[in-house]
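Visitor: Before we talk, could you show me the chains, so that I can follow along with the questions I have prepared?

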Amino acid sequence: MNHTLSETARPLANADRIQYRKPQYEVTSGEHDYEVRVYLPGVARDGATVTLEGEMLTIEATTTSPTQAAWQRIHEEFAPQITYRLALQLNVRVDAAGITARSEHGVLHVTLPVAEAAKPRKIAIN
Amino acid sequence: MKLIKYEPMPMTPWADLDRLFGTTLGELSRWAGFPGWPGEGDIRVNVYQDAAAYHVVAELPGYSRDQIGLELENAVLTIRAERTQGEGDNARTWRVSRSLTIDEAVQADAVTAKLEHGLLTVTLPKAEDRKARQITVG
C-alpha cells in the first residue's frame, strides 16, 4: 500500500503576499499514524495554527521576538520576527477528528492518525 | 514506511514544493526537510546591545534547559546543545554548538540566560567602565 505525504505550494492572492518562511520539519511514520515535527523557534504555544482543508494540512505561525525596542542590532542571522508557513498535501487518508498538536521548546508536534480505511489489512489465504 | 525526497519543483518567492512518497508500511523512517539542520552544525544567532548589556539570541528549537550548556572563557561565549530522540536502533542524536568572541568587557559573573519557545537569550552585562553614560553639559 502506498502512502504519500506531499508538500505543496498554494497560490496566494496578491493581497496576501506575506513574506513566509518555510520551517524545517521532519515526518516520521508509525504503524497507525504520522508525526510531523515542525521547528518553529520563537513561536509561543498558542502562536501556531494547524488547518486541515480537504487533503491540505497547513501550518502557520508567527514568532514572538524577545528583542526589545532599545536593543541595537550588532549582528543578525535570522529575522527577529518571522511568519512561517508549511503546506503538506496528504495523499493518505487521515482521521481528521483524531489529529492532535502540541508545542514544546519551539517544536510543533502534529500527530495524524491514519484512517481505518487506509490501514493495511492482513488477508487470510484459504 | 520509506519517504523519498524528489527534486524540488520550481519555487515561488513565498513557498516551495517537495514531495515525499511512502512505499512500504511498518518501517520507521524519517526525512528532514532541510538537510544539515536542525541536526549537526551551527546555531544561528543574533547579537544586540543596549546601554547596559549585550544580548545574544540563539535558535535552539527542541532543546530543553538541561540539554544546553553555556560557557564564557577568555572572552569567548560558547553555546552547546545536545539531544537524543527515539530509542534503541532508532535513536538519533543532535549536537550543535556556536562560539562567539565578546570583544568588549562584560561582567562574567552576572551573565544570565533564558530559554523560551526554542529561543535562548543570553544577557551579558557590560563592565561598569564600558556602560554608556549621559554627560551633562555644564
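**Cores, strands and a histidine**

Guide: In this predicted model, the largest nonpolar core holds 22 residues, and those with the most contacts inside it are B:Val56, B:Leu60 and B:Ile79. A nonpolar core is a set of buried Ala, Val, Leu, Ile, Met, Phe, Trp, Tyr and Cys residues joined through side-chain atoms within 4.5 Å, where buried means under 20% relative accessible area, exposed over 50% and partly exposed in between, with a 1.4 Å probe and protein chains only. Residues are numbered from 1 along each chain as its sequence is written, while chains are lettered from A and ligands numbered from 1 in the order in which they are written. Local features need pLDDT of at least 70 and side-chain atom pairs count only at pLDDT 80 or more, whereas totals for chains, interfaces and linings use all residues, and side-chain values use heavy atoms, leaving out hydrogens and water.

Visitor: Which strands of chain B each supply at least two residues of this core?

Guide: Strands are DSSP runs (E, at least two residues), numbered from the N terminus. Those supplying at least two core residues each are, in chain B, E4 (45-49), E5 (53-59), E7, E8 and E10 (119-125).

Visitor: What is the order of the strands in the open sheet of chain B?

Guide: Two strands pair if DSSP finds at least two bridges between them, and in this sheet of three strands the pairing is antiparallel. Strands E6 (68-73) and E8 (92-101) of chain B are the edge strands, since each pairs on one side only. The order is therefore E6-E7-E8.

Visitor: Which residue of E8(B) is the bridge partner of B:Ala81?

Guide: Strand E7 (residues 76-85) of chain B is joined to E8(B) by 10 bridges, and the two run antiparallel. In E8(B), the partner of B:Ala81 is B:Val96.

Visitor: Which residue in E4(A) stands opposite A:Glu26?

Guide: Strand E3 (residues 25-29) of chain A has five of its five residues buried, with A:Glu26 and A:Thr28 on one of its two covered sides. A hairpin of three residues leads from E3(A) to E4(A), and five bridges join the antiparallel pair. Opposite A:Glu26 stands A:Arg37.

Visitor: Is A:His109 buried or exposed?

Guide: A:His109 lies in strand E10 (residues 107-113) of chain A, and its side chain makes a polar contact, a pair of N or O atoms within 3.5 Å, with the side chain of A:Glu35 at 3.4 Å. Because its relative accessible area is 11%, A:His109 is buried.

Key
Helices (H or I, at least four residues) and strands (E, at least two) are DSSP runs, numbered from the N terminus. A polar contact is a pair of N or O atoms within 3.5 Å; within protein, one must be able to donate a hydrogen and the other to accept it, and residues adjacent in sequence count only if both atoms are side-chain atoms.
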